Amino acid sequence: MGKSIKFRVIDFAADGYHWLVDCTLNGQRYWLIIDTGATRSVIDQSVLGDAEVTNHPQGLVIGFGSQTDSISTATIKQITIGGIDYNDFDVAVADLSNLIELYSQMANVKLAGILGCDFLMRNATSINIHRKRIYLKPVKGENE
């Protein structure tokens, strides 16, 4: 039987709806924003722990409002997303302190980052908005 991740919907009224999924990173519980338009998953630099960060000065990231910047990446040894463990999880690394503060004030959640389309393309088969679930591809060799 396939697995699924339950997500939470936050209604920011005039700003619309935001989907969040819980995660555990370095023994701490956080939330990730599900962003189907984000090319990569991004983790705030303050919650990485001992993950080694690699800078890519030639790689560019184009953000909202067309800001461009160099990119840093890291591989997280283990992260638990929606109760499911993921090993060697590649992420972009950024200072998300403004976003973290906003979510803390408006939704009373402790944010770690953004779960992007890279995760969804590799792992998801579908998203059911009404059931608030992301359905996952079976893990190779696992009984379905």
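**Close-up views of a predicted model**

**View 1. Strand β9 and its partners.** Strand β5 (residues 42-44) and β9 run antiparallel and are joined by 2 bridges, where strands count as paired if DSSP finds at least two bridges between them, and where strands are DSSP runs (E, at least two residues) and helices are runs of H or I with at least four residues, numbered from the N terminus. Within this pairing, Val42 stands opposite Ile114 in β9. Strand β4 (residues 28-34) pairs with β9 in the parallel sense over 4 bridges, and the bridge partner of Trp31 in β9 is Leu111. Strand β9 (residues 111-115) is mostly covered, with 5 of its 5 residues buried; buried means under 20% relative accessible area, exposed means over 50%, and partly exposed lies in between, for a 1.4 Å probe and protein chains only.

This is a predicted model, in which local features need pLDDT of at least 70 and side-chain atom pairs count only at pLDDT 80 or more, while totals for chains, interfaces and linings use all residues. Residues are numbered from 1 along each chain as its sequence is written, and side-chain values use heavy atoms, with hydrogens and water left out.

**View 2. The open sheet of β1, β11 and β10.** This open sheet has 3 strands in the order β1-β11-β10, with antiparallel pairing. Its edge strands, β1 (4-6) and β10 (124-128), each pair on one side only. β1 pairs with strand β11 (residues 133-136) in the antiparallel sense over 3 bridges, and Ile5 stands opposite Ile134 in β11.

**View 3. The surroundings of Thr80.** Thr80 has its place in strand β7 (residues 68-81), and it counts as buried because its relative accessibility is 18%. The side chains of Thr80 and Asp85 are joined by a polar contact of 2.6 Å, a term for a pair of N or O atoms within 3.5 Å, of which, within protein, one must be able to donate a hydrogen and the other to accept it, while residues adjacent in sequence count only if both atoms are side-chain atoms.

**View 4. An aromatic cluster.** Tyr86, Phe89 and Phe119 form one aromatic cluster, and rings of Phe, Tyr and Trp (its six-membered ring) pair if their centres lie within 6.5 Å, with planes under 30 degrees apart counted as stacked, over 60 as edge-to-face and the rest as tilted. A search of the whole structure finds 3 aromatic pairs. The rings of Tyr86 and Phe119 have their centres 5.2 Å apart and their planes at 80°, so this pair is edge-to-face.
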